[in-house]
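Okay, everyone, thanks for coming.

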Amino acid sequence: MRAICIAVTAAILVGTPLARGELANGIKAIVHDSVVTYEEVESLTAQAADVVVRQYRGQPGELNQKLAELRQENLEQQIDRQLILHEFKTAGYNLPESLIDNAVADRIKTRFGDRVTLTRTLQTQGVTFEKFRQQVREQFILEAMRNKNISAELLISPHKVEVYYREHQADFKTEDAVKLRMIVLNKAKDDPEGRARKLGEEILTRLREGASFAELAGIYSQGSQRAQGGDWGWVEKSVLRKELAETAFSLKAGERSGVVDTPDACYLMQVDEVRPAHIKPLAEVRDAIERNLVLEERSRLERQWVSKMKKKTFVRYF
């Protein structure tokens with residue numbers, strides 16, 4: 001281990017980039033006698049990198065910064081993990097093997113279905129069953145230690161909820177919305193006769209004669225809400241494509257559109273209700289605020305707990 005530490009440190013000091021094979025075994029941090037490797041951090045980073053790359057495509061500076069932040073977050077996450085495992089070990093706790101056997105069985109059942117599928121999956125990942133069992137054991141320890149050191153019954157006062165609500169009004173704003181039904185008539189690639197448009201006009205005639213919009217949607221619509229009578233529920237303006245939004249939000253409650261012709265489909269719309277933009281009342285969002293505050297408090301308590309462990313444990317970054 002000492003030899004690897006010296007090699008990595010030397011490469012950093014002289015500014016020489018390590019080869020990929022060396023980086024795969026490079027040390028990012030040491031927590032007591034456990035090592036957090038470059039490969040572990042990069043593996044975690046790769047799981048979320050696609051989203052970051054798509055979000056910052058064409059912005060190389062911002063992309064590199066976000067990836068660096070993601071790597072640092074994952075490094076800290078791995079260090080926290082090793083600190084908790086070390087705390088479990090030094091506290092002299094023990095886990096009966098029967099508990100791990102049950103946890104392994106539950107993991108196989110919920111994630112893989114059976115042992116055969118597990119074995120095939122592990123083979124493709126180059127992971128042994130012993131390594132898989134160790135991962136389950138460590139996850140069991142992490143959850144048990146968090147439950148022991150961070151109360152699961154955190155109480156959030158009504159005053160704290162009200163203060164949060166007042167300070168985050170923008171989070172509870174809603175756009176103008178309509179309760180919308182739509183009949184979608186897709187156009188064929190080659191539709192020189194305008195069949196979708198003609199069918200839309202026929203349906204419109206039947207609606208004017210008193211036919212039910214929901215029933216006709218169930219018969220003719222090719223949209224995903226056909227089985228629900230074309231019911232899209234409450235829809236905000238930003239959700240719809242421009243030409244549909246302009247028509248839908250020009251209608252009053254109980255009104256329907258004519259045939260809206262777009263390059264790929266024809267649409268008929270009916271607005272059942274209209275809801276103007278507003279700030280959601282506290283009663284409507286109280287439960288969500290409480291859940292958010294509980295998560296924030298649990299996160300604060302965990303950071304506090306980890307910080308205490310870090311002060312009494314050897315941790316070195318590379």
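Let's start at arginine 133, which is partly exposed, with a relative accessible area of 21%. Do keep in mind that this is a predicted model. So who does arginine 133 form a salt bridge with? The partner is aspartate 101, and the closest N and O atoms of the pair are 2.8 Å apart. That pair ties together distant parts of the chain: aspartate 101 sits in helix α5, residues 97-112, while arginine 133 is in helix α7, residues 129-149, and they are 32 residues apart. Aspartate 101 is partly exposed too, at 40% relative accessible area.

Arginine 146 makes a salt bridge with glutamate 302, with 3.0 Å between the closest N and O atoms. As for cover, arginine 146 has a relative accessibility of 24%, so it counts as partly exposed.

Arginine 197 and glutamate 201 meet through their side chains in a salt bridge, 3.0 Å from N to O. How far apart are they in helix α9? They're 4 residues apart, about one turn of the helix, which runs over residues 195-208. Arginine 197 is partly exposed at 32% relative accessibility, and glutamate 201 is partly exposed with a relative accessible area of 32%. This pair also belongs to a network of salt bridges that links Lys187, Arg197, Glu201 and Asp261.

If you want the general idea behind these, side chains of opposite charge can pair when their charged atoms come close. Over the chain, the count comes to 16 salt bridges. There are 49 positive and 47 negative side chains, and the centres of those two sets lie 3 Å apart.

Okay, two loop residues next. Histidine 32 has a positive phi of about 55°, although it isn't a glycine. You'll find histidine 32 in the loop between β1 (27-31) and β2 (34-37), and it is partly exposed at 41% relative accessible area.

The other one is arginine 256, in the loop between α11 (242-248) and β6 (260-261). Arginine 256 is partly exposed, with a relative accessible area of 33%. What does arginine 256 contact, leaving aside its neighbours within four places in sequence? The list is Leu204, Leu207, Arg208, Leu251, Met269 and Gln270. Then compare its position with valine 31: the C-alpha atoms of arginine 256 and valine 31 are separated by 66 Å, and the two residues are 225 apart along the chain.

Let me zoom out to finish. The chain has 12 helices and 9 strands. Why call it more spread out than a compact globule? Because its radius of gyration is 29 Å, well over the 20 Å that the globule rule gives for 318 residues. Its C-alpha atoms fill a box of roughly 85 × 55 × 45 Å along the principal axes. Buried residues make up 32% of the 318, and the accessible surface is about 20100 Å², with 50% of that belonging to carbon and sulfur atoms. And among contacts with a separation of 6 or more, 68% are between residues 24 or more positions apart.

That's my tour. Happy to go back to any of these spots.

Technical notes: Residues are numbered from 1 along each chain as its sequence is written. This is a predicted model: local features need pLDDT of at least 70, side-chain atom pairs count only at pLDDT 80 or more; totals for chains, interfaces and linings use all residues. Side-chain values use heavy atoms; hydrogens and water are left out. The radius of gyration is taken over C-alpha atoms; the globule rule is 2.2 Å times the number of residues to the power 0.38. Buried means under 20% relative accessible area, exposed over 50%, partly exposed in between (1.4 Å probe, protein chains only). Contact means heavy atoms within 4.5 Å. Accessible areas come from the Shrake-Rupley method with a 1.4 Å probe; for residues, only the protein chains shown count as cover. Lys and Arg count as positive and Asp and Glu as negative; His and the chain ends are not counted. The place of a charge is taken as NZ of Lys, CZ of Arg, CG of Asp or CD of Glu. A salt bridge is a side-chain nitrogen of Lys or Arg within 4 Å of a carboxyl oxygen of Asp or Glu.
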